[in-house]
Amino acid sequence: MSDFKTNNKVVAWIEERLPIFSMIQHSAIDYPTPRNLNYWWNFGSLAAVMLIIMILTGIFLVMNYTPHVTLAFDSVERIMRDVNYGWLIRYLHSNGASMFFILVYIHILRGMYYGSYKAPRELLWFIGLAIYLVMMGTGFMGYVLPWGQLSLWGATVITNMFSAVPLVGDMVVTLLWGGFSVDNPTLNRFFSLHYLLPFIIFALVFVHVWALHTTKSNNPLGIEAKGPQDTIPFHPYYTIKDLYGIGLFLMFYLAFVFWSPNFFAEPDNYIPGNPLVTPAHILPEWYYLPFYAILKSFTVDIWVLSAKLQGVLGMFAAILILFFLPWLDSSKVRSAKFRPLYRQFFWLFVLDCLVLGYVASKPAEGLLLRIGQFGTVYYFAHFLVILPIIGRIEKPKALPSSIANPVIKAVALVAMIMVGIAGFGGAAQASGGEGPALKKPDGGFSWEGVFGRYDKAALKRGWQVFHDVCSNCHSMRFVSYRNLADLGYTADEIKAIAAEKEVQDGPNDEGAMFARPARASDRFVSPFANEKAAAAANGGALPPDLSLMNKARANGPYYVYSLLLGYEETAPEGHAVPEGKLFNHYFPGNAIGMPPPIMDDIVAYTDGTKATKEQVAKDIVTFLNWAAEPELDARKSLGVKVMLFLALFTAMLYALKHQIWKDVH
Amino acid sequence: MAEPAHNAQPSSVDGQTRRDFLLYATSAVGVAGTAIALWPFVHSMNPAADTLALSTTDVDISAIKPGQAVTVIWQGRPVFVRHRTPEEITAADQTAIGELRDPQKDADRVKKPEWLILVGSCTHLGCVPLGQKPADPKGEFGGWFCPCHGSHYDTSGRIRKGPAPRNLAVPPYQFTNDTTVRIG
């Protein structure tokens with residue numbers, strides 16, 4: 001403000017007309033910040049960085065995405081396979097959504113632990129909750145866009161919640177859908193809103209920071225700064241501390257992007273949306289799970305309130321109750337550090353949320369249902385009973401007289417919480433894994449591990465198996481002949497391979513369709529004209545497309561490997577299979593239509609490898625994995641470089657932070 | 001991070017130097033890293049692998065009589081295939097190179113003199129020139145005339161008059177047999 005001085009004429013000219021420099025000076029440089037903020041205060045700036053990354057990656061994804069039910073899934077696969085660095089941008093975006101929620105949950109819990117919602121910061125808390133609500137909507141609609149099975153069915157389940165509204169429920173749902181089911185109009189409007197809402201979040205973040213800079217930051221002691229001795233300027237102290245935090249966070253985030261990009265994803269979403277078949281396990285993204293558990297825990301109609309309506313109301317109430325937190329918590333002391341009772345109940349509340357999340361990821365039956373119901377009751381009791389009471393009976397510890405007095409060091413637990421939440425995603429992901437333990441090939445697959453790469457020789461053998469065996473019944477419609485260059489085939493060899501097949505082209509100048517040999521740029525030609533023909537030729541069971549098979553099943557490579565070797569000539573006692581089906585240990589329900597596809601010496605390998613059935617299975621699974629994740633080699637090698645860079649950069653930031661802060665400590 | 005921090009009291013001159021060095025080194029690494037991180041985003045806007053692979057178009061030229069032309073599509077752009085008459089070939093061949101804006105011999109622009117194959121996109125600002133259909137205006141030099149800004153091309157597709165800077169481009173092509181030409 002008034003203390004902004006400059007000798008630069010251009011700056012002075014602008015400043016007189018638009019006081020932007022003094023605003024930056026005031027709010028990003030001189031802003032007096034409590035000197036004792038611990039690392040839990042890094043998560044606000046981290047969330048802001050994440051928002052920017054989401055908007056940036058989102059804008060570039062839209063350049064190649066097509067919001068139409070017949071094209072959306074294919075356009076996402078094109079991003080993954082053909083667009084330069086498309087896989088990187090998409091994985092940054094899809095994993096970024098989970099990261100954003102991890103950061104925001106920690107940020108919210110930090111606020112709850114240190115009482116940041118109490119007077120005079122109630123509005124700051126409200127705006128933050130508004131951001132969280134908009135994020136939930138944005139995340140949900142974003143998940144619908146790839147139009148996989150969970151996109152479609154997630155959208156169906158969530159929108160159907162509104163049908164619980166008495167009288168007008170069905171009308172509301174029809175309005176949301178723009179039709180009589182989740183279909184193209186739904187996808188289009190979700191896409192529109194998914195692009196709009198992040199900018200609304202961006203605007204809300206500004207208001208959030210504005211409110212923060214009005215009331216000033218809370219701190220781990222929860223007492224107000226009493227004078228200049230309690231505060232330090234934001235720059236350089238917290239700019240460098242935030243940057244150091246960003247370095248650490250990027251390493252955590254990118255480890256998922258480069259080495260486990262589908263960790264938070266559900267395999268079913270790599271199956272194109274099918275309005276006739278609902279997946280066996282339908283789950284929202286992990287970040288909604290605690291609320292999903294509350295939705296599921298209402299099972300008995302009470303008077304005019306149907307169980308369905310109660311569940312929906314309970315779920316919304318669970319979020320809205322957070323708005324009343326500043327008044328439900330009756331204690332005048334902010335920080336849990338001085339509230340021995342509250343501190344214990346805070347952690348019980350965190351535990352309750354984790355339990356609810358776990359329960360939601362499992363089928364709602366028996367004991368788990370009871371645990372979920374108990375967790376739901378406890379969730380509300382925490383706010384409505386426990387907080388008001390402990391505020392009155394608790395005897396807080398003596399508060400220090402000022403911040404400058406005891407500078408506390410509370411560096412811990414960041415990694416633990418992150419790993420905990422990551423494990424949460426893992427628990428949800430593994431929920432489909434029933435049945436016998438999966439087989440693993442001797443020596444494992446070459447592409448496993450941090451540095452694992454595809455074995456080119458195995459890929460070529462696998463292609464031979466696919467070409468000679470699988471492709472007689474299965475399509476692989478996302479892979480083109482030109483992609484075989486990855487396996488080491490030359491342009492002429494690829495041309496010859498493609499020319500074995502014919503594709504329909506046209507119309508020619510006479511208006512007639514004609515057949516021509518396939519070219520390198522064509523997708524693999526499917527063995528049947530269409531899905532109906534494929535099903536009809538295979539006893540009614542459609543041989544699934546194999547492009548994404550390894551990604552579309554839980555533990556894909558091991559599942560496929562086990563399935564190929566999991567046949568039994570005669571069904572075991574008590575496991576009769578219907579006429580025309582065969583017994584397989586690993587196929588869900590054990591009755592599979594596909595005859596045992598491989599056996600010893602089913603192919604004669606050109607490289608002389610002995611074609612035992614284990615070898616054949618390992619090779620074809622390698623090829624299928626390449627078909628599903630052709631970017632894997634590039635992804636891991638880029639990942640190693642990025643991590644080395646970030647390790648160096650973060651170390652430098654740490655050293656700089658140490659230098660800058662050493663006079664404060 | 002643009003300037004050395006001035007708020008903290010450095011404990012010594014030596015400490016100040018060390019801190020300045022760290023600050024500049026870290027800033028340089030950070031700026032370089034950010035710049036490199038932007039490359040994937042920029043590169044994602046370049047043609048994708050499937051776009052690059054769509055590189056050829058086959059044209060059946062058996063039905064195109066002398067004096068006729070067809071337009072086919074290649075990489076999203078029109079390509080002119082013109083079966084030139086002997087008079088058009090002579091006219092193109094005998095033009096003095098010196099009077100051309102973009103000097104090029106007719107022989108360098110064709111593989112077989114009777115077949116002239118050009119990208120049908122005006123080198124001025126990309127409109128499609130007229131002259132493919134019998135009734136079209138062909139310009140003052142009997143080739144093509146671009147209606148947008150009045151560029152005239154001759155029977156070799158060379159710019160003769162108007163604002164366009166270069167001749168109509170010749171795409172890569174080959175005759176796969178007597179009646180088929182593969183563009184791209």
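The structure is a predicted model, in which local features need pLDDT of at least 70 and side-chain atom pairs count only at pLDDT 80 or more, whereas totals for chains, interfaces and linings use all residues. Residues are numbered from 1 along each chain as its sequence is written, chains are lettered from A and ligands numbered from 1 in the order in which they are written, and side-chain values use heavy atoms, with hydrogens and water left out.

Chain A contains 22 helices and seven strands, where helices (H or I, at least four residues) and strands (E, at least two) are DSSP runs numbered from the N terminus. The radius of gyration of chain A is 29 Å, close to the 26 Å that the globule rule gives for 665 residues, so chain A is as compact as a globular protein of that length; this radius is taken over C-alpha atoms, and the rule is 2.2 Å times the number of residues to the power 0.38. Along the principal axes, the C-alpha trace of chain A spans about 80 × 70 × 55 Å. Of the 665 residues in chain A, 51% are buried, a class defined by a relative accessible area under 20%, with exposed meaning over 50% and partly exposed lying in between (1.4 Å probe, protein chains only). Contacts, defined by heavy atoms within 4.5 Å, were also examined by sequence separation: among those in chain A with a separation of 6 or more, 77% are accounted for by residues 24 or more positions apart. The mean positions of the 52 positive and 50 negative charges of chain A are 12 Å apart, with Lys and Arg counted as positive, Asp and Glu as negative, and His and the chain ends not counted; the place of a charge is taken as NZ of Lys, CZ of Arg, CG of Asp or CD of Glu.

Several positions in chain A illustrate its local geometry. I390(A) lies in helix 15 (residues 366-393) and, at 4% relative accessibility, counts as buried. Beyond its neighbours within four places in sequence, I390(A) is in contact with R339(A), L341(A), Y342(A) and F345(A). I390(A) and A164(A), by comparison, are 226 residues apart in sequence and 36 Å apart in space, C-alpha to C-alpha. I20(A), placed in helix 2 (residues 20-29), is partly exposed with a relative accessible area of 35%, and touches I14(A) and E15(A) when residues up to four places away in sequence are not counted.

Backbone features of chain A include the cis peptide bond from H235(A) to P236(A), with omega near 5 degrees; P236(A) has its place in helix 10 (residues 234-259). A cis peptide bond also joins G506(A) and P507(A), with omega about 0 degrees, and P507(A) lies in the loop between strand 3 (502-505) and strand 4 (514-517). L167(A), in the loop between helix 7 (149-160) and helix 8 (169-177), has a positive phi of about 65 degrees although it is not a glycine, and is exposed, with a relative accessible area of 87%.

Chain B comprises three helices and nine strands, and its elements run α-α-β-β-β-α-β-β-β-β-β-β from the N terminus on. The radius of gyration of chain B is 28 Å, well over the 16 Å that the globule rule gives for 184 residues, so chain B is more spread out than a compact globule. Its C-alpha atoms fill a box of roughly 90 × 35 × 25 Å, taken along the principal axes. Chain B is divided into domain 1 (12-46) and domain 2 (51-183), the bounds coming from an automatic or database domain assignment, and the C-alpha centres of these two domains lie 52 Å apart.

Buried residues make up 39% of the 184 residues in chain B, and among its contacts between residues at least 6 apart in sequence, 53% join residues at least 24 apart. Chain B has 18 positive and 18 negative side chains, and the centres of the two sets lie 2 Å apart. Q75(B), in the loop between strand 2 (69-74) and strand 3 (77-83), has a phi near 50 degrees, a positive value in a residue other than glycine, and counts as partly exposed at 45% relative accessibility.
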